[in-house]
Amino acid sequence: MTQVLLVTGPGGAGRSTIAGATALAAVRAGRRAVLLSAADPFHGGPVPEGLHTPRLDSGAEFRSELAALQDRGAALIGMLGGRPLGAEELTELPGAEQFALLRALRRAASAPGADLVVVDMPPLHQALTTLALPAQLRRYLARLLPAERQAARALRPVLAQLAGVPMPAQWLYEAAARWDAELAAVQAVVEAGTTAVRLVAEPGPAADAALRTAALGLALYELPVLDLVANRLVPRDSADPWVAGIAARQDAFLAARDPGPPVVRAAHLGRDPRGPEDLALLAAAPGMAPAAPGAAGRPRWGVEDRLAADGVLVWAIPLPRARKSELDLIRRGDELVLAVGPHRRIVALPAALRRCTVSGAALDEGVLRVRFTPDPQQWPRAR
């Protein structure tokens with residue numbers, strides 16, 4: 001599978017520029033790359049051979065999808081007395097950018113001829129909500145339109161022939177099946193072992209808080225961090241006391257970081273980067289070309305069997321730098337609702353844990369361990 005690198009970071013940290021430099025560095029290393037970005041990091045300059053830069057037009061994507069939806073439901077709309085919207089009436093709605101980006105990611109990751117897809121993601125929190133969309137929407141579809149409860153499945157074709165139009169339930173379930181298949185394809189790309197995140201930040205106190213929150217969100221969604229690009233680093237040996245002071249603070253920030261992903265150092269160019277020449281300077285930074293697929297590894301959640309020693313199963317969930325005060329978890333049927341700071345995720349319990357009750361949880365050294373005690377009514381009894 002094609003390697004996917006999702007580039008994100010705090011707002012104003014230079015994400016789009018670093019995404020462009022990443023793709024350029026990969027091409028220079030002999031790889032065939034695709035750069036997905038709503039911006040143009042080359043600023044109209046020539047794009048190097050071996051790099052494909054498809055244009056992201058969320059407005060056009062939205063109009064095309066809505067027009068196709070109207071066409072598929074034309075008979076039902078007419079039966080209800082509705083009037084289809086004209087192409088000139090369709091204006092982009094909030095959230096269209098995220099869906100357009102996810103569709104472009106799915107197309108690029110499945111297209112032949114590319115080794116690497118670099119995605120210029122939105123700022124950190126918005127990037128996480130965008131990446132969580134496919135799984136969340138699939139869960140909503142499964143709850144609201146469960147396939148196993150399609151009423152009068154055998155009678156719908158007959159009723160459709162009698163009425164002369166597709167029955168609403170049939171049309172709705174067919175549309176839901178198409179949406180689920182598309183969302184599943186995007187989710188497969190996001191959760192693939194060859195997908196990782198490259199964080200971009202300008203070293204400083206504000207970045208530290210943002211990166212800690214980002215680390216929690218990424219761990220919650222089991223997204224691996226390949227590395228951190230420390231952007232706009234000023235010279236350490238400057239004769240200017242003001243510049244030397246900034247350099248000292250940047251170095252102190254990097255030195256104080258907890259053990260984590262490798263750091264790629266990107267120098268401050270003394271100006272806002274513009275055009276291929278500036279991107280080439282940034283692309284030359286050691287480590288800017290991404291590591292091979294799968295180098296980061298996904299932070300999987302593991303179930304520890306402690307039945308013999310303690311009579312429990314333990315679900316170990318890595319949450320680096322988490323604080324007890326910002327954690328919350330609720331068991332709801334066969335799902336666990338887990339909140340960490342501003343992030344929230346609902347996950348299905350592994351099969352073994354569904355036959356247990358939650359008996360406690362503890363946070364220790366960045367790992368949340370949830371204890372499950374077997375339910376005697378459901379757990380197989382020893383002979």
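Helices (H or I, at least four residues) and strands (E, at least two) are DSSP runs, numbered from the N terminus. By this definition the chain holds 12 helices and 14 strands. The model is predicted, so local features need pLDDT of at least 70 and side-chain atom pairs count only at pLDDT 80 or more, while totals for chains, interfaces and linings use all residues. Residues are numbered from 1 along each chain as its sequence is written, and side-chain values use heavy atoms, with hydrogens and water left out.

**Stop 1: the whole chain**

Select the entire chain. Its accessible surface (Shrake-Rupley method, 1.4 Å probe; for residues, only the protein chains shown count as cover) comes to about 19900 Å², and 56% of this belongs to carbon and sulfur atoms. A residue is buried under 20% relative accessible area, exposed over 50% and partly exposed in between (1.4 Å probe, protein chains only). Of the 383 residues, 43% count as buried.

**Stop 2**

Two strands pair if DSSP finds at least two bridges between them. Select the open sheet of 7 strands, whose order is β3-β2-β4-β1-β5-β6-β7 and whose pairing is parallel. At its edges stand β3 (51–52) and β7 (263–267); each has a single partner strand, so one side of each is left without a neighbour in the sheet. Next, select β6 (residues 225–233): 4 bridges join β6 to β7 in the parallel sense, and L228 has V263 of β7 as its bridge partner.

**Stop 3: strand β4**

Select residues 116–120, which form β4. Is this strand mostly covered or uncovered? All 5 of its 5 residues are buried. In a regular strand the side chains alternate between the two faces of the sheet. In β4, L116, V118 and D120 are buried on one side, and V117 and V119 are buried on the other.

Strand β1 (residues 3–8) runs parallel to β4 over 5 bridges, with V7 opposite D120. Strand β2 (residues 33–36) is also parallel to β4, joined by 4 bridges, and A33 has L116 as its bridge partner.

**Stop 4: residue T194**

Select T194, in the loop between α7 (168–190) and β5 (195–201). Its relative accessibility is 17%, and T194 therefore counts as buried. A polar atom of the T194 side chain lies 3.5 Å from the backbone oxygen of T2.

**Stop 5: two packed helices**

Two packed helices are described by the angle between their axes and the distance between the axes. Axes are lines fitted to C-alpha atoms, for helices over the stretch in contact, and angles run from 0 to 180 degrees between N-to-C directions. Select α1 (residues 15–28) and α10 (residues 275–283): their axes are 8 Å apart, at an angle of about 70°. The two helices are therefore roughly perpendicular (65 to 115 degrees). Contact means heavy atoms within 4.5 Å. Where α1 and α10 meet, T17, G20, A21, L24, A25 and R28 face L279, A280, L282 and A283.

**Stop 6: the antiparallel sheet**

Finally, select the open sheet of 3 strands, ordered β10-β11-β12 with antiparallel pairing. Its edge strands, β10 (327–332) and β12 (343–348), each pair on one side only. β10 and β11 (residues 335–340) share 6 bridges, and L327 stands opposite V340. Helix α5 (residues 124–144) lies across β11 and β12, at about 35° to β12. Helix α8 (residues 205–220) also lies across β11 and β12, at about 15° to β12.

Methods. Polar contact = N/O pair within 3.5 Å; in protein donor to acceptor, adjacent residues only side chain to side chain. Parallel < 35°, antiparallel > 145°, perpendicular 65-115°, else oblique.
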